[in-house]
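This briefing goes through one protein structure topic by topic. Keep the sequence and the 3D view open while reading.

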Amino acid sequence: MDNNTHRSNLNVLNLARNKLSVLKPETFKGLQNLRALRLDGNQLEDINGVVSSLSKLEWFNVSSNQLEWFDYAF
């Protein structure tokens with residue numbers, strides 16, 4: 001099976017206000033077409049590496065979490 005077979009056509013994902021506290025770096029790895037991601041209003045402390053594989057991401061909201069550090073280079 002081709003690796004592209006498992007990739008999603010999902011463009012927008014809203015996970016706001018879900019009481020998420022941990023996301024593994026590979027959580028969104030298969031969502032190569034994702035352009036907008038809402039993670040606002042959760043309890044996340046660290047998102048290091050979580051969006052690094054999302055090359056088409058244009059809009060990302062991670063406000064109102066408990067982040068101690070954020071790399072604006074993303």
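Three strands form an open sheet in the order β1-β2-β3, with parallel pairing; two strands pair if DSSP finds at least two bridges between them. Strands (E, at least two residues) and helices (H or I, at least four residues) are DSSP runs, numbered from the N terminus. The model is predicted: local features need pLDDT of at least 70, side-chain atom pairs count only at pLDDT 80 or more, and totals for chains, interfaces and linings use all residues. Residues are numbered from 1 along each chain as its sequence is written, and side-chain values use heavy atoms, with hydrogens and water left out.

**The sheet**

- Strands of a sheet pair through backbone hydrogen bonds, either parallel or antiparallel.
- β1 (12-14) and β3 stand at the edges with a single partner strand each, so one side of each has no neighbour in the sheet.
- Neighbouring strands of this sheet are turned by 5° against each other on average, direction ignored; the axes behind such angles are lines fitted to C-alpha atoms (for helices over the stretch in contact), and angles run from 0 to 180 degrees between N-to-C directions.
- Three bridges join β1 to strand β2 (residues 36-38) in the parallel sense.
- Leu 13 has Leu 37 in β2 as its bridge partner.

**The whole protein**

- The protein has zero helices and three strands, and its pattern along the sequence is β-β-β.
- Of the 74 residues in the protein, 28% are buried; buried means under 20% relative accessible area, exposed over 50%, and partly exposed in between (1.4 Å probe, protein chains only).
- Among contacts between residues at least 6 apart in sequence, 30% join residues at least 24 apart; contact means heavy atoms within 4.5 Å.

**The nonpolar core**

- In soluble globular proteins, nonpolar side chains tend to be buried together.
- The largest nonpolar core here has 13 residues; such a core is a set of buried Ala, Val, Leu, Ile, Met, Phe, Trp, Tyr and Cys residues joined through side-chain atoms within 4.5 Å.
- Phe 28, Leu 37, Leu 39 and Leu 54 have the most contacts inside this core.
- Not counting residues up to four places away in sequence, the residues that Leu 39 touches include Leu 15, Phe 28, Leu 44, Phe 60 and Asn 65.

**The aromatic pair**

- A pair of aromatic rings is described by the distance of the centres and the angle of the planes.
- The structure holds one aromatic pair.
- Phe 60 and Phe 70 form this pair, which is stacked at 6.5 Å centre to centre and 25° between the planes; rings of Phe, Tyr and Trp (its six-membered ring) pair if their centres lie within 6.5 Å, and planes under 30 degrees apart count as stacked, over 60 as edge-to-face and the rest as tilted.
- Phe 60 is in strand β3 (residues 59-61) and Phe 70 is in the segment after β3, so the pair ties together parts that are 10 residues apart in sequence.
- Phe 60 counts as partly exposed at 25% relative accessibility, and Phe 70 counts as partly exposed at 25%.

**Positive phi angles**

- Most residues other than glycine have a negative phi, and most peptide bonds are trans.
- Arg 17 is not a glycine, yet its phi is positive at about 55°.
- Arg 17 sits in the loop between β1 and β2 and counts as exposed at 60% relative accessibility.
- Ser 64, also not a glycine, has a positive phi of about 55°.
- Ser 64 belongs to the segment after β3 and is exposed, with a relative accessible area of 58%.

**Contacts across the sequence**

- Val 22, in the loop between β1 and β2, counts as exposed at 65% relative accessibility.
- Val 22 and Leu 44 are 22 residues apart along the chain, and 5.9 Å separates their C-alpha atoms.
- Leu 67, in the segment after β3, is partly exposed at 25% relative accessibility.
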